[in-house]
Amino acid sequence: MFCKNCGCSLDEGVKFCKKCGTRVEYEEVSYVVKPEPVTVPNKAESNDPFPNFQPNYSAPENNYGAPAQQNNFNAPNYQEPQPQIILNQIPQNQYSPQCRPISAWGYFGYNLLFSIPLVGFICLIIFSLSSDNINRRNYARSFWCWFALALILGAVFGVLVLITGGDLLDEIAYYF
């Protein structure tokens with residue numbers, strides 16, 4: 001139960017609010033519930049698609065006409081929110097070696113490494129199959145996605161050049 005004046009939660013049976021001192025008035029409310037009769041048709045007379053279904057009906061477990069019980073709902077207690085962990089504030093030594101994040105300069109270095117023609121391609125294969133660091137592996141795999149996208153766009157452009165018979169290249173060269 002709550003105080004009507006300040007909204008403070010009240011214990012059962014108190015006469016005054018512990019926060020504002022307002023007198024607590026209890027209302028006695030009674031509810032009378034009349035059960036509706038349930039009729040089950042005769043199985044032989046009905047076209048029931050579930051003839052073996054036995055409904056389980058039971059009467060409510062309260063005394064009809066008795067005063068209803070009061071709601072014992074208590075408002076939830078307020079809890080301070082937990083501080084959020086920001087990745088940059090976690091020391092590097094608290095990460096497992098597999099989950100250690102890569103810095104911005106690390107990504108820059110991997111871009112330079114992957115751009116070297118033969119060595120970069122070999123490192124790209126090794127890093128995309130390695131499980132030493134998940135972040136490095138996923139970054140190497142993202143390069144494979146870019147390669148696939150570049151091959152698809154190159155194939156589409158090549159087909160367009162073949163269809164137009166080289167006129168497309170002349171049109172593009174005209175603008176440059």
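First, the ground rules. This is a predicted model, where local features need pLDDT of at least 70, side-chain atom pairs count only at pLDDT 80 or more, and totals for chains, interfaces and linings use all residues. Residues are numbered from 1 along each chain as its sequence is written, and side-chain values use heavy atoms, with hydrogens and water left out.

Start with α3, residues 134-164. Helices here are DSSP runs (H or I, at least four residues), numbered from the N terminus. What should its 31 residues span at 1.5 Å a residue? The answer is 45 Å, and the end C-alpha atoms of α3 are 45 Å apart, which agrees. The expected span is 1.5 Å times one less than the number of residues.

Next, its partner. α3 packs with α4, residues 167-175, at about 105°, with axes 6 Å apart. Axes are lines fitted to C-alpha atoms over the stretch in contact, and angles run from 0 to 180 degrees between N-to-C directions. So α3 is roughly perpendicular to α4 (65 to 115 degrees). Contact means heavy atoms within 4.5 Å. From α3 come Phe 157, Leu 160, Val 161 and Thr 164; from α4, Asp 167, Leu 168, Leu 169 and Ile 172.

Now the inside. Buried in α3 are Arg 136, Tyr 139, Ala 140, Phe 143 and Val 161 (under 20% relative accessible area, 1.4 Å probe, protein chains only). They pack against α1, α2 and α4.

The largest nonpolar core has nine residues, including Phe 114, Tyr 139 and Phe 143. Such a core joins buried Ala, Val, Leu, Ile, Met, Phe, Trp, Tyr and Cys through side-chain atoms within 4.5 Å. α1, α2 and α3 each give two or more residues to this core. Apart from it lies another core, of five residues, among them Cys 3 and Cys 8.

Conventions: Angles under 35 degrees count as roughly parallel, over 145 as roughly antiparallel, 65 to 115 as roughly perpendicular and the rest as oblique. Buried means under 20% relative accessible area, exposed over 50%, partly exposed in between (1.4 Å probe, protein chains only).
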